[in-house]
Amino acid sequence: MITLKEIDRNNFFDVIKLKVAEEQSDFVASNMFSLAQAKAFPECVCLAIYHDDILVGFTMYCIDEEDKEYWIYRLMIDSKHQSKGYGKAAMEKLIEKIKEDIQHRVIYISFEPVNDWAKQLYEKLGFAEDGRVIDGEVVYKLEY
Ligand SMILES: CC(C)(COP(=O)(O)OP(=O)(O)OC[C@H]1O[C@@H](n2cnc3c(N)ncnc32)[C@H](O)[C@@H]1OP(=O)(O)O)[C@@H](O)C(=O)NCCC(=O)NCCS
């Protein structure tokens, strides 16, 4: 079963060791960078993705300071654990969690246009093109 857990002194060093494949490295910042970013931007919530007791990935989301809407800023599954359905299951959990906040109605996510894997995953989860391209990344949205 996939669960999302806080990052603390017990899993910090393991979370920063998680890596995507070499050819995917332009698609997502390192977890070290994201955790540092979350320190400076405290609206960012970082979560570790577990499959049962095994740490398999990382995600970070926030209510963006500019538009005050939910954005999923990061999603990564360690290269050793990809293509096993964990990314999709983690996204489903995160979406479920965000949807509990009924003050909001939309979740945004963005990705590099060449990242077909991410595109397919987000479309399967119901995200659709929003029409914007920000910093070269295609913006998708999920209305709820
Ligand atoms: C994108 C990513 C998070 C997906 O996680 P994952 O656990 O590997 O993916 P899943 O096994 O849950 O598969 C989800 C969908 O991706 C697609 N997919 C799976 N394996 C794939 C492969 N080897 N190549 C291309 N697409 C693939 C399928 O559409 C799949 O859906 P399906 O199982 O219903 O057919 C992961 O590959 C990753 O960390 N990539 C590098 C970082 C990145 O690009 N992050 C997103 C930044 S926006």
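**A chat about the ligand shell and the fold**

Modeller: To begin with the ligand, the residues of the shell around it divide into 11 nonpolar, 7 polar and 3 charged. Please keep in mind that this is a predicted model.

Biologist: How many residues surround the ligand, and which are the closest?

Modeller: The ligand is surrounded by 21 residues, and the closest are F27, Q82, G87, K88 and F111. Two or more residues of the shell come from each of these elements: β4 (70-77), α3 (86-99) and α4 (116-124).

Biologist: Which element gives the most to that shell?

Modeller: That is α4, with 5 residues.

Biologist: Let us step back. How many helices and strands are there in the protein chain?

Modeller: The protein chain has 4 helices and 7 strands. Along the sequence, their pattern is β-α-α-β-β-β-α-β-α-β-β.

Biologist: What about β1 and β2: parallel or antiparallel?

Modeller: Strand β1 (residues 2-6) pairs with strand β2 (residues 45-51) in the antiparallel sense, over 5 bridges. In that pairing, K5 stands opposite A48 in β2.

Biologist: And how many bridges join β2 to β3?

Modeller: There are 7 bridges between β2 and strand β3 (residues 54-63), and these two strands run antiparallel. Here V45 stands opposite Y61 in β3.

Biologist: What does D52 do in the hairpin of β2 and β3?

Modeller: D52 takes a positive phi near 50° in that hairpin, which has 2 residues between the strands.

Biologist: Changing topic, what radius of gyration does the protein chain have, and what would a compact globule have?

Modeller: The protein chain has 14 Å, which agrees with the value near 15 Å that a compact globule of 144 residues would have. Its C-alpha trace spans about 35 × 30 × 30 Å along the principal axes.

Biologist: What share of the residues is buried?

Modeller: Buried residues account for 29% of the 144 residues in the protein chain. As for contacts between residues at least 6 apart in sequence, 56% join residues at least 24 apart.

Biologist: Why does G126 count as partly exposed?

Modeller: G126 has 13 C-beta neighbours inside 10 Å, so it counts as partly exposed; a residue with 12 or fewer would be exposed, and one with 20 or more would be buried.

Biologist: How far apart are G126 and S25 in space?

Modeller: They are 25 Å apart, C-alpha to C-alpha, and 101 residues apart in sequence.

How values were computed
Residues are numbered from 1 along each chain as its sequence is written. This is a predicted model: local features need pLDDT of at least 70, side-chain atom pairs count only at pLDDT 80 or more; totals for chains, interfaces and linings use all residues. A residue is near a molecule or strand if its C-beta atom, placed from the backbone, lies within 6 Å of it. Ala, Val, Leu, Ile, Met, Phe, Trp, Tyr, Cys and Pro count as nonpolar, Asp, Glu, Lys and Arg as charged, and the others, Gly among them, as polar. Two strands pair if DSSP finds at least two bridges between them. The radius of gyration is taken over C-alpha atoms; the globule rule is 2.2 Å times the number of residues to the power 0.38. Two residues are in contact if their C-beta atoms, placed from the backbone, lie within 7 Å.
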